[in-house]
Amino acid sequence: MGDVRVLVVGVGNMGTSHATAYHKLPGFEIAGLMSRSIRSRTDLPDELAAYPRFADFDQAIAATRPDAVSINTWPNTHADYALRAMDAGCHVFMEKPIATNHEDAVRVVEKAKEKNRKLILGYILRHHPSWARLVEVGRTLGKPLVMRMNLNQQSSGPAWTWHKNLMESLTPIVDCGVHYVDIMCQLTGAKPVRVHGIGAQLSHETKVQNYGHLHVVFDDGSVGWYEAGWGPMMSEVAYFVKDVVGPKGCVSIVVPQEGQKDANADGVSDSADIDQHTKTNALKVHYADLDARNNFTRPDEWINMADEPDHQELCDREQAFFFKAIREDLDLTDWMNDAVNSLRIVLAADESIRTGRAVEL
């Protein structure tokens, strides 16, 4: 078998990382790079600079005839590009979310099944050893579970421009929320039954609320919340909370947050730094066992994650899995259904914010 020839569509932050992975991973060959603004790009890494460039999707597909398409564009283009790629016979890797509405998400999955094409969503936390360990430990804590998660980003400079562009398609709790709701679904293995959301528009530069908070109830009694805010006004106090509590104790991702450094020369503060979004450093496990005097019988346990992969290494792992799925014909039914399910939950939170009412699923 020859290499998997891949057309990379969108070469922003994530697209560049994925293209770098294709460039260096055995088994992949980059057929071309496509972006509507690619003609003016002068900031691509040296290893990507020589690949053919295209500003039109259909022309790129026709000229390169790829085996696979990697979609890393703004969310409101995801479904359309994916459908066109699969109609052209291509496997698809797509950055999350799968679509900006439930109907399009279902259409994309049905197309993958119809065309017998592999569809992988960029749920990067599924490839992260620390998050896998969090899920593993969390499943030992009994039921129901209480899951508390957030990712607030104090963005300025280029990061704020990027966030404003993203909010042309989606609110923060939808765009990033799919990652953490997916983790909640893995932890519980349960069916979501009710979602409630609240939000606030803290900037006159956005058309949507740049802050949101969702609450989800599962049919096993488990509950979870996720909070996300983007913008120069956001606080970096407790911006990163990843906590799972059950009857037998709790497990938490612990990241130092005291005395966060100021924004760097690129205008990116700690909370807006993409490498910090998957950083864990350590897991802390607490056991609820008590003796006759109600004193704890077991000390807290620290699981050191100092050698965890960085953001690029995680992207490399995602693409290695994409290659494996193609070459070994993996059954991705559960992966695709999970992507639709997590999107459905965060969209329900968005609907709740608009209507002021909880949404029954």
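Strands S8 (residues 192-200) and S9 (residues 211-218) pair in the antiparallel sense over 8 bridges, and Ala-200 stands opposite Tyr-211 in S9. Two strands pair if DSSP finds at least two bridges between them; strands (E, at least two residues) and helices (H or I, at least four) are DSSP runs, numbered from the N terminus.

This is a predicted model, in which local features need pLDDT of at least 70 and side-chain atom pairs count only at pLDDT 80 or more, while totals for chains, interfaces and linings use all residues. Residues are numbered from 1 along each chain as its sequence is written, and side-chain values use heavy atoms, with hydrogens and water left out.

S8 and S9 belong to an open sheet of 9 strands with mixed pairing, in the order S14-S13-S12-S11-S7-S10-S9-S8-S15. Its edge strands, S14 (301-305) and S15 (359-360), each pair on one side only. Helix H5 (residues 129-138) packs on the sheet, touching S7, S11, S12, S13 and S14, and its direction makes about 170° with that of S12. Helix H10 (residues 333-355) lies across S8, S9 and S15, running at about 50° to S8. Axes are lines fitted to C-alpha atoms, for helices over the stretch in contact, and angles run from 0 to 180 degrees between N-to-C directions.

Strand S13 holds His-286. A polar contact of 2.7 Å joins the side chains of His-286 and Asp-300; such a contact is a pair of N or O atoms within 3.5 Å, where within protein one must be able to donate a hydrogen and the other to accept it, and residues adjacent in sequence count only if both atoms are side-chain atoms. Beyond four places in sequence, His-286 is in contact with Lys-248, Gly-249, Cys-250, Phe-296 and Asp-300 (heavy atoms within 4.5 Å).

| Space | Volume | Lining residues from H10 |
|---|---|---|
| Second largest pocket | about 220 Å³ | 6 residues |
| Largest cavity | about 50 Å³ | 3 residues |

On a 1 Å grid over the protein atoms alone, a cavity is a set of points where a 1.4 Å probe fits but cannot get out, a pocket is an open set with protein on both sides within 12 Å along at least five of seven lines, and lining residues have an atom within 4 Å of a point. Grid points are joined across faces, edges and corners, and a volume is the space filled by probe spheres set on the points.

Of the 15 residues lining the second largest pocket, Leu-347, Ala-348, Asp-350, Glu-351 and Arg-354 lie nearest its centre. The largest cavity is lined by Leu-121, Tyr-123, Arg-126, Trp-335, Asp-338 and Ala-339.
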